[in-house]
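User: Could you walk me through part of this structure?

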Amino acid sequence: MHQIHHLIDGVTAGSASGRSGPVFDPATGEQTAQVDFASVEEVDAAVASARAAFEEWGTVSIARRVKLLYGFRNLIVEHTDEIAHRLTAEHGKVADDARGEVARGIENIEFACGFADSLKGTYSEQASTGVDVYTVRQPLGVCAGITPFNFPAMVPLWMLPNAVACGNTFVLKPSERDPSAPRLIVELAQEAGFPPGVVNLVNGDKVAVDRLLGHPDVAALSFVGSTPIARYVYTTGTAQSKRVQALGGAKNHMVVLPDADLNLAADAAVSAAYGSAGERCMAISVVVAVGEIADPLVEAIKLRMEKLVIGPGNDPASEMGPLITAEHRDRVAGYVGAGADAGAEVVVDGRLQSFDGDGFFLGVSLLDRVTTDMSVYTDEIFGPVLSVVRVDGYHQAVGMIADNPYGNGTAIFTRDGGAARQFQADADAGMVGINVPIPVPVGYHSFGGWGDSLFGDTTMYGPEGLHFYTRPKVITSRWPDPSTSTVDLGFPRND
Ligand code: NAD
């Protein structure tokens, strides 16, 4: 069985912990690899390597850091197909989604390549007579990244490029479910020429996360995952005086006003709800149908669902792949039954679709007349189940979004510019789409939600990412009266 190891101090290290976990191909249900789970001592070795590397890396010139980042970016571009292949093999997403994920990750490296401009600092000349005040931003030290299974390449690239661009060193702890793509990314960072210890990889589970949270030499942690773990990572890390940004789960609403373009809205709902098997933190989970559009919208979504091709991610015909594990698939299917028992109308029941083989496949489901007290509405399902909630007016839709504890993304579909602008102001979420169902910001803006979707006050990547990975230092300097200078500057001399 293929074993996936850590990469510490530039060296692939077999684990001595005696602990490991299985990695599956979700399309076949077969175990394809075994991944090492780090011990406390192995995490300590990674942090020690990062701490030692920081002594020099923190002082490396901007020019050198930019050059290495460009090299890293080029290697990721060259290896896009290989990374995408690993994503499909362990996560299950279809090839187009996998390549798209790598492309979004590359955007973040490209943004980080321009970090010098963003971190120029500020200068106030003659704040008082002969006194100048200026601010520089300096790196924090060792930063750790803990990432989820659903974007095993992109989410590490939300963190790693910005962290090292700013002069920090980095320890990545990716999801144990699909560790091969992040492993290749860290190998490519070595190949690009980042000195040993600048980028380290430890695989593992809670033991590794807890040691990173408790290690005195870890200055900052970036986390992306489910809300309960995000809350735990934030409260535990900040209690130990670490800087923490922890992005959590989501329940994203798509509001469709009666004047919306029906075909555009239905296409968007289907791709945003069922793409990547609904395992996206920006997936649309609830369609809020306002007024008379509800009936034709449900019908239009249903028609499109019937044409959706579900199959292995490496089959070019597939539009949706399997779920990540059999347990998760069964949990998601359970919500369809719970919704029906609670009184929702099951328009399409994904549990009825059968698949050959032992892959973790589930058909797509659509539930209509869902109400906000049903578990299918309150819980993050993270699978191919879309709920439709019918409301009479705009204010009910906006109120529902505000009352939901999550606040990651939301979207509105309308032809009315005034309504869209009002929604942009009213929406209680960190990322808003206008006729765009999944408004993931480009790499030069920043990504993050509100409420239970973000713990901490700095969002991920873009300008806020650079802010997170640096701390300000303000220098106040007084200069002597130019007339007392030892060089004759042409001023009348005082002495
Ligand atoms: P998860 O919370 O189970 O795992 C995330 C990371 O935390 C993994 O590295 C895992 O090893 C670690 N972890 C798991 N249990 C832990 C514990 N008890 N103690 C310490 N560490 C632990 O999340 P997941 O299932 O891998 O990913 C899916 C979740 O991530 C969904 O809730 C999704 O919405 C969320 N997500 C959010 C965003 C965002 O930007 N807000 C992006 C992607 C995914």
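Predicted model: local features only at pLDDT ≥ 70, side-chain atom pairs only at ≥ 80, totals over all residues.

User: How many residues of strand β17 are buried?

Analyst: Six of the seven residues in β17, residues 385-391, are buried, so the strand is largely enclosed by the rest of the structure. Buried means under 20% relative accessible area with a 1.4 Å probe, counting protein chains only, and a strand is a DSSP run of E with at least two residues.

User: And which residue in β17 is the bridge partner of Val286?

Analyst: Ser387 is the partner of Val286, and Ser387 is also the bridge partner of Leu367. Strand β14 (residues 284-290) pairs with β17 in the parallel sense over five bridges, whereas β16 (residues 365-368) runs parallel to β17 and is joined to it by three bridges; pairing requires at least two DSSP bridges between two strands.

User: Switching to helix α10, what do its buried residues pack against?

Analyst: The buried residues of α10 pack against several elements, including β14, β16 and β17, where contact means heavy atoms within 4.5 Å. Among those buried residues are Ala265, Val270 and Tyr274. A helix here is a DSSP run of H or I with at least four residues.

User: What comes after α10?

Analyst: Ser276 follows α10, and its phi is positive, near 55 degrees.

Technical notes:
Residues numbered from 1 in each chain as written. Heavy atoms only, no water. Buried < 20%, exposed > 50% of the residue type's maximum accessible area, 1.4 Å probe, protein only.
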